[in-house]
Amino acid sequence: MTNEYLPLIAKIEEVKEQTKGIRTFVFSIGKDTDFSYKAGQFIMLSVFGFGEGAFSPSSFPVKDGKIEVTIARVGKLTTRLFEMERGARVGIRGAFGNGFDLERVRGRDILLVAGGIGMGALKPLLEALLLDRNLFGRIDLLFGTRTPSDMPFKEDLELWEKSELLKIKTTVDSPDGNWKGDVGFVSLLLDEYKTDAGKTTAFVCGPPQMLPSVFERLLAKGFNTNQIITSLERHMKCGIGFCGHCRINENYVCTDGPVFSYDEIERMERKL
Ligand SMILES: Cc1cc2nc3c(=O)[nH]c(=O)nc-3n(C[C@H](O)[C@H](O)[C@H](O)COP(=O)(O)OP(=O)(O)OC[C@H]3O[C@@H](n4cnc5c(N)ncnc54)[C@H](O)[C@@H]3O)c2cc1C
Ligand code: FES
């Protein structure tokens with residue numbers, strides 16, 4: 001039996017600047033290491049002698065023994081990570097959690113709604129969907145950030161756009177002179193979005209202040225509450241259902257989630 005508290009040693013192979021406060025870290029874990037994850041699962045990433053936090057791999061699948069994780073600098077651990085350079089070593093535990101259930105959405109249309117760093121959680125899902133593109137219906141991505149310079153994954157967006165495998169709409173709250181996308185909150189893009197809600201599953205990830213307005217519009221469009229899926233962020237310590245840090249009533253976000261449907265979240269919150 002493997003010890004889930006024991007981290008795998010990984011090396012920072014590359015650091016890609018996405019925006020001023022968001023970077024993608026490429027960690028190498030070795031080509032022969034037996035490590036895999038589902039889109040939507042998370043890892044516990046540790047800076048030795050400093051601390052550990054939950055992060056979702058932002059690419060899918062593991063390629064050449066490398067994992068990408070896109071990180072927003074928000075506090076102590078993430079600032080420490082931003083100070084680290086190529087070659088530095090970190091620890092990785094996991095992968096943990098349930099991840100997105102692709103089997104459940106086979107044959108359905110897919111709508112991804114992302115805000116800011118939330119795109120990091122949806123990107124591996126999109127990459128997994130594109131690997132088996134013919135198994136799914138129409139795929140749409142609505143992505144919003146505060147300003148154009150806050151938009152991560154610009155190169156990926158360009159490649160996806162060129163691939164014509166999905167439709168993409170981007171929006172910013174405050175445009176600059178060169179901005180060619182929409183202007184306004186990402187939830188507003190839903191007003192123009194035409195869909196057959198009965199055959200569509202929506203995956204929504206973004207800052208907490210974005211979620212209620214997106215959920216409200218999806219419900220108004222007739223989305224079933226079990227076809228609105230999101231990933232919850234809670235403070236995590238163990239990641240494996242022991243410490244209780246991530247608990248909401250009887251649910252442990254680290255093991256029962258972090259991916260939940262809207263109706264599951266409603267049931268959890270009703271009991272609070
Ligand atoms: C399943 C999961 C996946 C995640 N994936 C990513 C990811 O891919 N990229 C990424 O940048 N971040 C991700 N996070 C959030 C990340 O864990 C925290 O931002 C990070 O641990 C903060 O550490 P810190 O020491 O830098 O910040 P701290 O100094 O601990 O806190 C800074 C601020 O962030 C808030 N915060 C800290 N941790 C969390 C948390 N877990 N949930 C909500 N708010 C928090 C604090 O309340 C505080 O306001 C994820 C969290 C979870 C639970
Ligand atoms: S993080 Fe310890 S129980 Fe979930």
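UniProt positions are given here in the numbering of this chain, feature names are shortened, and annotations may be inferred rather than shown by experiment.

## Annotated cysteines

The unreviewed UniProt entry lists Cys238, Cys243, Cys246 and Cys254 under "binding site". They span 17 residues of sequence yet cluster in space, with a largest C-alpha distance of 10.3 Å. Cysteine 246 sits in the loop between strand 12 (228-231) and strand 13 (247-248). Strands are DSSP runs (E, at least two residues), numbered from the N terminus.

## Basis of the model

This is a predicted model: local features need pLDDT of at least 70, side-chain atom pairs count only at pLDDT 80 or more, and totals for chains, interfaces and linings use all residues. Residues are numbered from 1 along each chain as its sequence is written, and side-chain values use heavy atoms, without hydrogens and water.

## Two domains

The domain assignment gives domain 1 (8-96) and domain 2 (103-231); such bounds come from an automatic or database assignment. Their C-alpha centres lie 24 Å apart.

## The interface

Contact (heavy atoms within 4.5 Å) joins 15 residues of domain 1 to 15 residues of domain 2. The two domains bury about 1,000 Å², 64% of it on carbon and sulfur atoms. Buried area is the accessible area (1.4 Å probe) lost on putting two parts together, summed over both.

On the side of domain 1 that touches domain 2, strand 1 (8-19), strand 2 (22-28) and strand 5 (66-72) each supply at least two residues. Strand 5 gives the largest share, 4 residues.

Conventions
Chains lettered and ligands numbered in written order.
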